Amino acid sequence: MTVRNFSLIPSLSDALFSDRFNRMDRFFSQLTGDTPVAATPAYDIRRVDKDRYALAVSVPGWKESELSIETVGGQLTISGKREEQKETESAENGWLHRGISRADFRLSYTVPEHVKVTGAKLQDGILAVDLYQEIPESEKPRRIPITHGQQAIESQQAIEHQSA
């Protein structure tokens, strides 16, 4: 199974080091015989509007029952585990080449605070995950009015009690 962690909002350093990382990953995968990280499904992240995001993961040939989406402690995890199928050798099944990844996978995304998964849909080999960022009113930025010096002093004067 291949595991890869991603930030939901990619940073500049991700772009600068991605090619170098991919080359090192392929090199070490050749040495150890492991599946390179590039074997994990491709994905797109797009901002739909101010508070909504869409995550699309390419999962051709996967069924809904083989996919799992969970959120725990600021992590969104999408995993795929193939159902047991009896398969004989590729030549016996008529396969000449199988290039579509059939390996189990696990993708993990770090999501900002207050981001919630609102839905998911599997259509045409694309798993679409809808995300909504709901910031509570108490944490939204507030504009504090600034008064002119004399106005501030006058508004702070106490009203004295007059005895009759």
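In strand β8, A128 is the bridge partner of A56, and D130 is the bridge partner of A54. Strands here are DSSP runs of E with at least two residues, helices are runs of H or I with at least four, and both are numbered from the N terminus. The model is a predicted one, in which local features need pLDDT of at least 70 and side-chain atom pairs count only at pLDDT 80 or more, while totals for chains, interfaces and linings use all residues. Residues are numbered from 1 along each chain as its sequence is written, and side-chain values use heavy atoms, with hydrogens and water left out.

Strand β8 covers residues 126-133 and is joined to β3 by 7 bridges, the two strands running antiparallel. Towards β7 there are 8 bridges, again in an antiparallel arrangement. Two strands count as paired if DSSP finds at least two bridges between them. β8 therefore has β3 and β7 as neighbours in an open sheet of 4 strands, whose order is β2-β3-β8-β7 with antiparallel pairing. The edge strands of this sheet are β2 and β7 (115-123), each of which pairs on one side only. From one strand to the next the twist averages 20°; for such angles, axes are lines fitted to C-alpha atoms, for helices over the stretch in contact, and angles run from 0 to 180 degrees between N-to-C directions. The hairpin of β7 and β8 has 2 residues between the strands, and D124 takes a positive phi near 55° there.

Q133 lies in strand β8 and stands opposite V115. With a relative accessibility of 17%, Q133 counts as buried; buried means under 20% relative accessible area, exposed over 50%, and partly exposed in between (1.4 Å probe, protein chains only). Leaving aside residues up to four places away in sequence, Q133 touches D51, Y53, P112, E113, H114 and V115, where contact means heavy atoms within 4.5 Å.

The next topic is the aromatic rings. Rings of Phe, Tyr and Trp (its six-membered ring) pair if their centres lie within 6.5 Å; planes under 30 degrees apart count as stacked, over 60 as edge-to-face and the rest as tilted. By this rule there are 2 aromatic pairs. In one, the ring centres of Y43 and Y109 are 5.5 Å apart and the planes stand at 75°, so the pair is edge-to-face. Y43 belongs to strand β2 (residues 43-47) and Y109 to strand β6 (residues 105-110), so the pair ties together parts that are 66 residues apart in sequence. Y43 is partly exposed at 28% relative accessibility, whereas Y109 is buried at 0%.

The pair of W62 and F105 has ring centres 5.2 Å apart and planes at 90°, so it is edge-to-face. This pair too links distant parts of the chain, with W62 in the loop between β3 (52-58) and β4 (67-72) and F105 in strand β6, 43 residues away. W62 is buried at 8% relative accessible area, and F105 is buried at 3%. The ring of W62 also has the charged end of R82 over it, 3.9 Å from the ring centre. A charge sits over a ring if NZ of Lys or CZ of Arg is within 6 Å of the ring centre and within 35 degrees of the ring normal.

Salt bridges complete the account. A salt bridge is a side-chain nitrogen of Lys or Arg within 4 Å of a carboxyl oxygen of Asp or Glu, and the structure holds 6 of them. One of them joins D104 and K81, at 3.9 Å from N to O. D104 lies in the loop between α2 (90-93) and β6, and K81 in the loop between β5 (75-80) and α2, so the pair ties together parts that are 23 residues apart in sequence. D104 counts as partly exposed at 23%, and K81 as exposed at 59%. R52 forms a salt bridge with D49, with the closest N and O atoms 3.1 Å apart; R52 is partly exposed at 40%, and D49 is partly exposed at 35%. In the salt bridge of E137 with K140, the closest N and O atoms are 3.2 Å apart. E137 is exposed at 61% relative accessibility, while K140 is partly exposed at 37%.
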